[in-house]
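This report concerns charged side-chain pairs and a surface patch in a protein model. The sequence and structure are shown first.

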Amino acid sequence: GLAALGRRVWLIPAQYVKPFVKRGKNDRNDAEAISVAASQPSIGSVPVKTVEQQASAMLLSVRELLVRQRTQLANALRGHAAELGFVAQLGGKGLAQLRGEIAAAEEAVAPAPAKQAVALLGGEIDRIELRLAGIERVLMQQHKDNALSRRLAAIPGIGPIGGLRFPHRKASPLPGAIPPLILPAILPQAVRPCCAMKRSSSTPS
């Protein structure tokens, strides 16, 4: 790319450029808006990601797409089942129970076309589940090999997949450095014990 040619690449977020677009959207006006935005001292830039980061982030994007498709299929299956009077608890266990009840239902309760439709949706869900299991095995291995991801996963509420999103999608200035974006989430974890020690030491015995 441009960096390989010795050029300094400076990426500006689109939402920072939009306020400087004066007229209709075209190449000339966009270029003028970018030039004006780049001259503002308060406008920050986006770090340039490496090819490896972009490639690794693709697998995360594929996983997110498959999760959305699985949710859509599950909602469709539950909607069709509700039309026949079948309802089950949320989650994979309830969905499996729902599929079993419809498959075993009598013809008068669940006609053959309805059973076929539910079976098709269930088969697609099973197919996506297999794909997701394979992707998550690869992502877990990437998580184990990435020191930053392991550090982030130790924060409550982030987990391995959440920990991978930062090194794959946020360019970090130093290897293993924690991006400033998540420092507010880390600082309370470090400050809380110090405050507790201070309060306990000031408490009269």
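The model is predicted: local features require pLDDT of at least 70 and side-chain atom pairs count only at pLDDT 80 or more, while totals for chains, interfaces and linings use all residues. Residues are numbered from 1 along each chain as its sequence is written, and side-chain values use heavy atoms, with hydrogens and water left out.

**Salt bridges**

Side chains of opposite charge can pair when their charged atoms come close. The structure holds seven salt bridges, a salt bridge being a side-chain nitrogen of Lys or Arg within 4 Å of a carboxyl oxygen of Asp or Glu.

| Pair | N to O distance | Relative accessible area |
|---|---|---|
| Glu-136 and Arg-63 | 3.3 Å | Glu-136 31%; Arg-63 16% |
| Glu-64 and Arg-165 | 3.3 Å | Glu-64 22%; Arg-165 32% |
| Arg-70 and Glu-129 | 3.4 Å | Arg-70 26%; Glu-129 35% |

Helices are DSSP runs (H or I, at least four residues), numbered from the N terminus. The bridge between Glu-136 and Arg-63 ties together parts that are 73 residues apart in sequence, because Glu-136 lies in helix 5 (residues 112–145) and Arg-63 in helix 3 (residues 51–83). Residues count as buried under 20% relative accessible area, exposed over 50% and partly exposed in between (1.4 Å probe, protein chains only). Accordingly, Arg-63 is buried, whereas Glu-136 is partly exposed.

In the bridge between Glu-64 and Arg-165, Glu-64 belongs to helix 3 and Arg-165 to helix 7 (residues 159–169), so the pair connects parts 101 residues apart in sequence. Glu-64 is partly exposed, and Arg-165 is partly exposed as well.

Arg-70 and Glu-129 also form a salt bridge; Arg-70 sits in helix 3 and Glu-129 in helix 5, so this pair ties together parts 59 residues apart in sequence. Arg-70 is partly exposed, as is Glu-129.

Elsewhere, Lys-22, Arg-28 and Glu-32 are linked in a network of salt bridges.

Val-48 is placed in the loop between helix 2 (27–38) and helix 3. With a relative accessible area of 43%, Val-48 is partly exposed.

Terms used:
Helices (H or I, at least four residues) and strands (E, at least two) are DSSP runs, numbered from the N terminus.
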